[in-house]
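Here is a short walk through one structure. Keep the sequence and the 3D view side by side as you read.

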Amino acid sequence: MHRSNLLKRFAVASMAAASIAMATPVQALACTQVYIGPKLTASGDVLYGRAEDYASRHVKIFGVQEATDGKTYTSEESAFNRTVGKTYRYTFVRDAQADWGELAPPYAEAGINEKGVTCSATLTTDFNSKVEAVDPKTKEGLGEYNIADVVLGEAATAREGVEILGDVMDKYGAQDCNQIWVGDANEVWNFQQLSGHQWIAIKISDDVASINPNMGNLQFKVDLADKSVCLHSEGLEETAKKAGTYVTFADGGMDVASSYGETESGAGQNTRYAQGRSYFGNPLTDGTFEVDTSGRVSGVSPEARLLFFTPGRSDYSLYDAQRSLAARGEGTQFNANENSKLYAIGNNRTIESHIFQTRRGMSPDIATIQWEALSRTEFSVYLPSYSALLTEVPGIYDNFETINLSHVGKKESIDSVETALTDADDDTMDYVMMDINTLTYNNRKACAAGVADYLKLVQTQINDQHGIVDEYMRSLPEGERGHFANEAFDVVSTQVFEKMQALRTELRDYVKAGDFSEPFESSDLDGTLSYASKVVPPTITQQPMSASYEQGSGAVALSVAADGRTDSPLSYQWMKSTDGSSWSNVGSSDTYVPQTSTVGETKYKVVVSNAEGLTAESDVVTVTVSKPVVEQPVGTMYRLYNPNSGEHFYTASFDECVQVVSAGWRYEGRGWTAPVKSGTPVYRVYNSNAGDHHYTASKDERDALVVLGWRDEGIGWYSDDAQGEPLLRLYNPNATSGSHHYTTSQGEHDAPVGTMYRLYNPNSGEHFYTASFDECVQVVSAGWRYEGRGWTAPVKSGTPVYRVYNSNAGDHHYTASKDERDALVVLGWRDEGIGWYSDDAQGEPLLRLYNPNATSGSHHYTTSQGEHDALVKLGWRSEGIGWYGVKAG
């Protein structure tokens, strides 16, 4: 951080320019950047970021920069002027506009753009006077004022980001010397502005850590010729040679840092470097550093000045990374809490800190989480945002339109307790954290431990609960993530803001009372956040199941199992409907016993809610209640139905009817009335291979079937010679069982249909649909779960539904579109022909859904609007109507 022009605004008007130039580095060189490679973290995530230091009560604004159709960059620190085309949307942490009195707020500092590219800018460094003499800074050079805007506005990848910076440096030069982090879902680069026109970009290894408190002389080794890990300016080596500062390592490779950096960076930087190395378990060893009479590190030997090093552990947590930017040398000889003359990483001039948490292998929109802590890191908390998706910022954050700087106090560099004890005209997240830091830092002995304990409690709860939030985010389809990103950030920000306001109130009361005989302690140490439960709904882990019962019989309870994913208690509301559209509440536990008093089909579902009111809705299941089998007058023909095979069975025997019902068949009541005797017998034959009965009044047909292996079961009943009520006979050419059907209903006859069987694979999550009973039985024997009738398809129509198979994924797909079928076949799917037909009368729509996260069973089809809506809530994408089944009745 190096605000030369802003410093001038606060300087006395008559102060000489030379005096300002001398004063600037003392105030400016105080940022610290950190990096922990994924091989060194417990989670395997990359963790990197920076603390920005300037003035105790300096305001920062976290916001979103909208995409533009074109932009011109200008700077008040140099004559930099550059126009580009379209720019991306990105988050920023800017200075307040009022600080500069201009239209373009500067210093975007930290953010993630909509492509998932990160930028942390800048860590101010230095260059030696000999290099400066041959390659000085340029008047029109690129500096901290614009760097983050350039990268985030223009780069689609991290590599492109450093290439853009390099191109701009080549053309315009540098306004200052800086180091910048640029990252994406796959890699992180360290870009260094070394001198007026010289630069280098290094791709960071996965097995190193880094801590840098504004030191340009921290050594690193890199193969300058390997463009996969290093990019640099053309004159990198020649410029150092011309300056007479060119230094190499023992192996002959260029030591860039020693060639360009100052020999010594100063006691403030050296001390913070020693604190950081100790924090990461790789302390400076005796003989590699010198200490002055104040206890500060006055010098570090070149071989110990490492930009990248191996830390003492390989299981660093997110919390470890967050607190690294608040380190004060605790437990070492560089403890700033015990020696007030030592400058610390976690100091009272930090104005914001950020950690980028990147999860390799995820899509760029959610791969990196920006953890942002406003004001001083020591007594602040980091809040998470999916910044690549973020489009809205809650009103509790400052913005350029309503910013009120009166609560800064008389001067932002004065850490005024008096100001922190008064209410701000417009309270914001930044002011709350600023006040907590002011009150705690200036009453450290009495307040620091108690405040730190409470903030640790809050931070660990945020970190833990965000893990739950992140799991849910990853389950969402791409189109729903943006809304969820805004919602999650609003909830966590609002909850933490309220807790921090309460903490500040307690601190103010404690400090105003003036009795420090007992150390400060928060009254909310047992408090909890409800961040996750406010944004993450429960998930149903076990669905209720459909069932069939005889009227008046006892029913097994419907049951559901759900995971609240948080400690929030769950409640249940069972609902029923006879038409699938009008629902009434019937029960409020995790089980419900359905009624069997009324014949017919009743649909049931359950809504599971957490304490915050978020819900999950179960599948809709059907409970079918049939008439009890009652012996009818002589001549009554009993009609039964097998829901598994689709076959109808007819018998004149009450005892046989009862026996078949007990075997799982559904009694459908009286089929018709047959004469006790006539001159026209109806023969019954049985196919033991298919498990299928056939009925005929033709002796010739009976004999032909017997020849084919059917078993003659004699006369089933008699036909009425008076030809009273006709029995209409139908044939389903697609069925292998129950291929013939008989009915007295002309309406039933006029809609020749076939049952579609629905099955589910609990291992892959795929649903399978078939018109073939034999295939249904075969699939069930392979471990699939039979879920009953899916819908009824016409035997034939003008609209076939094609079935294709992906042998690599083990997945079937169904479509009425010949073009879609052909396109999948070109991609390697196997054409399995016509599976069934769609109803051209468009009776019952089959709703089609798509799960963008699934690799198998990614499409689902259902006639249930309730099931459709429940899946959409879980992240499935509605794709309209796939085809039509025959409407019931």
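A residue counts as buried when its relative accessible area is under 20%. The model is a predicted one.

How many residues of α4 are buried? The count is 8 of the 8, so α4 is largely enclosed by the rest of the structure. The buried residues are Ile147, Ala148, Asp149, Val150, Val151, Leu152, Gly153 and Glu154.

One partner of α4 is helix α5. Helix α4 covers residues 147–154, and helix α5 covers residues 158–172. Their axes lie 9 Å apart and the packing angle is about 130°. That angle makes α4 oblique to α5. The crossing of α4 past α5 is right-handed. On the α4 side, the contact uses Ile147, Val150, Val151 and Glu154. On the α5 side, Glu160, Gly161, Ile164 and Leu165 meet them. By class, this contact holds 5 nonpolar, 1 polar and 2 charged residues.

Now move along the chain to another helix pair. Helix α12 spans residues 429–441, and helix α13 spans residues 444–475. The axes of α12 and α13 come within 7 Å and cross at roughly 130°. This makes α12 oblique to α13. From α12, the contact takes Ile436, Thr440 and Tyr441. From α13, it takes Arg444, Cys447, Ala448 and Val451. The residues of this contact divide into 5 nonpolar, 1 polar and 1 charged.

Is Arg444 buried or exposed? Its relative accessible area is 18%. The cut-off for buried is under 20%, so Arg444 is buried. Beyond its sequence neighbours within four places, Arg444 is in contact with Arg328, Asn337, Glu378 and Phe379. With Asn337 there is also a polar contact, side chain to side chain, at 3.1 Å. For a sense of scale, take Ala110, which is 334 residues from Arg444 along the chain. The C-alpha atoms of Arg444 and Ala110 are separated by 29 Å.

Next, Asp435 in α12. Asp435 has a relative accessible area of 0%, so it counts as buried. Which side chain makes a polar contact of 3.0 Å with that of Asp435? The partner is Arg504. Leaving out residues up to four places away in sequence, Asp435 touches Arg57, His407, Ala420, Thr422, Arg504 and Arg508.

Two of those names come back at Thr419. Thr419 sits in helix α11, residues 417–420. At 13% relative accessibility, Thr419 is buried. Its contacts, apart from neighbours within four places in sequence, are Arg57, His407, Val408 and Gly409.

Finish with the backbone. Most residues other than glycine have a negative phi, and most peptide bonds are trans. Where does the chain depart from that pattern? The peptide bond from Ala121 to Thr122 is cis, with omega near 5°. Thr122 belongs to strand β8, residues 118–124. Ser375 has a positive phi, near 65°, and is not a glycine. Ser375 lies in the loop between β17 and β18. At 2% relative accessibility, Ser375 is buried. Arg565, again not a glycine, has a positive phi of about 65°. Its place is the loop between β22 and β23.

Technical notes:
Residues numbered from 1 in each chain as written. Predicted model: local features only at pLDDT ≥ 70, side-chain atom pairs only at ≥ 80, totals over all residues. Heavy atoms only, no water. Helix = DSSP H or I, 4+ residues; strand = E, 2+ residues; numbered from the N terminus. Buried < 20%, exposed > 50% of the residue type's maximum accessible area, 1.4 Å probe, protein only. Contact = heavy atoms within 4.5 Å. Polar contact = N/O pair within 3.5 Å; in protein donor to acceptor, adjacent residues only side chain to side chain. Axes fitted to C-alpha atoms, helices over the stretch in contact; angles between N-to-C directions. Parallel < 35°, antiparallel > 145°, perpendicular 65-115°, else oblique. Left-handed = near helix turned anticlockwise from the far one by under 90°. Nonpolar A, V, L, I, M, F, W, Y, C, P; charged D, E, K, R; others polar.
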